[in-house]
Amino acid sequence: MTKILLIQFILTLLIAAGYSIKNGVIGYSILLGGLIYSIPVGFALQREFSASQKSATDAKQVLIWMYGNELLKLGLTVALFIVTFGLLQFIHSPSLLITYISSHLLAILLTSVFR
């Protein structure tokens, strides 16, 4: 999964750099949309596959850990959206949201390719 996240981040950087040449705000917004997706997912992956998680053998404990990670990921995503829209004045909202949604779709596509 980290390979998929790296591919997504590199694609986001390339697309953001390309759009930055024409319109800096759109490129910046694309980069932020990719970061809003990548940071919580990377954080959840790090926690999910940590050493303490690998040592858990109780199925109930593993399930609680997984749901906790999902809640943390959701909370971090909401916090990043609040910070982005609350603190930054020049944002192209459609670009940011399209990039965020596209990152989810790309994850589904890449997961099916790398099985």
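The model is predicted, so local features need pLDDT of at least 70 and side-chain atom pairs count only at pLDDT 80 or more, while totals for chains, interfaces and linings use all residues. Residues are numbered from 1 along each chain as its sequence is written, and side-chain values use heavy atoms, with hydrogens and water left out.

**Exercise 1. Describe the largest pocket: what is its volume, and which residues line it?**

Step 1. Let's settle the term: on a 1 Å grid over the protein atoms alone, a pocket is an open set of points with protein on both sides within 12 Å along at least five of seven lines, and lining residues have an atom within 4 Å of a point. The volume is the space filled by probe spheres set on the points, which are joined across faces, edges and corners.

Step 2. The largest pocket comes to about 200 Å³.

Step 3. Its lining consists of Q8, L11, T12, I15, Y19, I30, S95, I98, T99, S102, S103 and L106. Two or more of these residues come from each of helix 1 (2–22) and helix 5 (93–113), where helices are DSSP runs of H or I with at least four residues, numbered from the N terminus.

Step 4. Helix 5 is the biggest contributor, with six residues.

Step 5. Sorted by type, the lining has six nonpolar, six polar and no charged residues; Ala, Val, Leu, Ile, Met, Phe, Trp, Tyr, Cys and Pro count as nonpolar, Asp, Glu, Lys and Arg as charged, and the others, Gly among them, as polar.

**Exercise 2. Is Q8 buried or exposed, and what does its side chain reach?**

Step 1. Q8 belongs to helix 1 and has a relative accessible area of 3%. Buried means under 20% and exposed over 50% with a 1.4 Å probe and protein chains only, with partly exposed in between, so Q8 is buried.

Step 2. The Q8 side chain reaches the backbone oxygen of S103 at 2.5 Å.

Step 3. Leaving aside neighbours within four places in sequence, Q8 is in contact (heavy atoms within 4.5 Å) with Y37, S103, L106, A107 and L110.

**Exercise 3. Which residues does A107 touch, not counting those up to four places away in sequence?**

Step 1. Start with the setting: A107 sits in helix 5 and is buried, at 8% relative accessible area.

Step 2. With that sequence exclusion, A107 touches I4, Q8 and Y37.

Step 3. As a distance check, the C-alpha atoms of A107 and I7 are separated by 9.4 Å, although these residues are 100 apart along the chain.

Key:
1 Å grid on protein atoms, 1.4 Å probe; cavity = no way out; pocket = protein on both sides within 12 Å on 5 of 7 lines; lining within 4 Å. Polar contact = N/O pair within 3.5 Å; in protein donor to acceptor, adjacent residues only side chain to side chain.
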